[in-house]
Structures are given as structure tokens and as C-alpha cells.
Amino acid sequence: MKDYKENKSNLSETFCNEVYSVVREIPAGSVTTYGDIAALLGMPQYSRMVGRALRQVPAGLNLPCHRVVNAIGRLVPGWDEQRRLLDAEGVSFRKNGCVDLRLHRWRDDSVLAD
């Protein structure tokens, strides 16, 4: 994967702010993926960088980061609160514990239409 091999340990503030802007738009009861966010930003190969940006969200932003999952709907390992927050919003899960993306996947149509 291209993004894994490139050295991007220092994420730009601009990139992080763009990620945070997309995450703010995810409605309650919906989820999106790291890859979807990267694609919305016009950088489809940067899905891992989206994850890195979300790991360093300043606490005061109060972003709904719990609404971001991986490409198959898997939750963040070790973050038990993510499941509770999604349950409270009515998000349903498959038997394997992954979010049912067919029912709950959000994509910003206004951005994708461009």
C-alpha cells in the first residue's frame, strides 16, 4: 500500500482539519470508513493517514470519531466505548461484531457528486 510505505509521520495541520471537517458531518446513526473520508478529500490512498489524524484529535473538538470504522465495519480494537456510543445511536451490527455497512454507511453525496 502506497500510504504505508511513504513517510508521513508528521501530518499537516491542514490535512487533519479537513479530516475533522468531514467527521463533523457524519450524522448520528451513520458511520463512514477511513477510506471513504480519504476519498472525499481527494486522496483515496490516505486511509491510514485518516486513522492517524483521528488518533490525535484535540479533546476540545468533541468530534464523533466513534462513527468512523474500517472498510469492513470493524470497530477500533480496545475502544469499548465505541460500540456503546453506536448502539445508543441505533447502529446495528452483524453477528461478527462489525457494523452493518449496508444499512448505516454514510457518504457525503454533495462531495461525491463533484
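Helices here are DSSP runs of H or I with at least four residues, numbered from the N terminus. The model is predicted.

**Salt bridges**

In this numbering, helix α5 covers residues 80–88. D87 and R83 lie four residues apart in that helix, so about one helical turn separates them. Their side chains meet in a salt bridge, with N to O at 3.4 Å. Both partners are partly exposed: D87 has 38% relative accessibility, and R83 has a relative accessible area of 33%.

The count of salt bridges comes to five. One of them joins the side chains of D36 and R105, at 2.8 Å from N to O. This pair links distant parts of the chain, 69 residues apart. D36 sits in helix α3, while R105 belongs to the loop between α6 (101–104) and α7 (109–112). D36 counts as buried because its relative accessibility is 12%, below the 20% cut-off. R105, at 33%, counts as partly exposed. Salt bridges also link D36, R105 and R107 in a network.

R102 and D100 form another bridge, their closest N and O atoms being 3.3 Å apart. R102 is exposed, with a relative accessible area of 72%. D100 is buried, at 9%.

| Pair | N to O distance |
|---|---|
| D36 and R105 | 2.8 Å |
| D87 and R83 | 3.4 Å |
| R102 and D100 | 3.3 Å |

Side chains of opposite charge can pair when their charged atoms come close.

The largest pocket holds about 510 Å³ of space. It has 20 lining residues, and those closest to its centre are Y34, S47, R48, G51 and N70. Helix α4 supplies the largest share, six residues. By type, the lining of the largest pocket divides into 11 nonpolar, five polar and four charged residues.

The second largest pocket has about 180 Å³ of space. Its lining consists of L54, R55, V57, P58, A59, N62, L63, C65, H66, W79 and L85. Eight of these lining residues are nonpolar, two are polar and one is charged.

Rolling a probe the size of a water molecule over the atoms shows where empty space is left.

Terms used. Residues are numbered from 1 along each chain as its sequence is written. This is a predicted model: local features need pLDDT of at least 70, side-chain atom pairs count only at pLDDT 80 or more; totals for chains, interfaces and linings use all residues. Side-chain values use heavy atoms; hydrogens and water are left out. On a 1 Å grid over the protein atoms alone, a cavity is a set of points where a 1.4 Å probe fits but cannot get out, and a pocket is an open set with protein on both sides within 12 Å along at least five of seven lines; lining residues have an atom within 4 Å of a point. Grid points are joined across faces, edges and corners, and a volume is the space filled by probe spheres set on the points. Helices (H or I, at least four residues) and strands (E, at least two) are DSSP runs, numbered from the N terminus. Ala, Val, Leu, Ile, Met, Phe, Trp, Tyr, Cys and Pro count as nonpolar, Asp, Glu, Lys and Arg as charged, and the others, Gly among them, as polar. A salt bridge is a side-chain nitrogen of Lys or Arg within 4 Å of a carboxyl oxygen of Asp or Glu. Buried means under 20% relative accessible area, exposed over 50%, partly exposed in between (1.4 Å probe, protein chains only).
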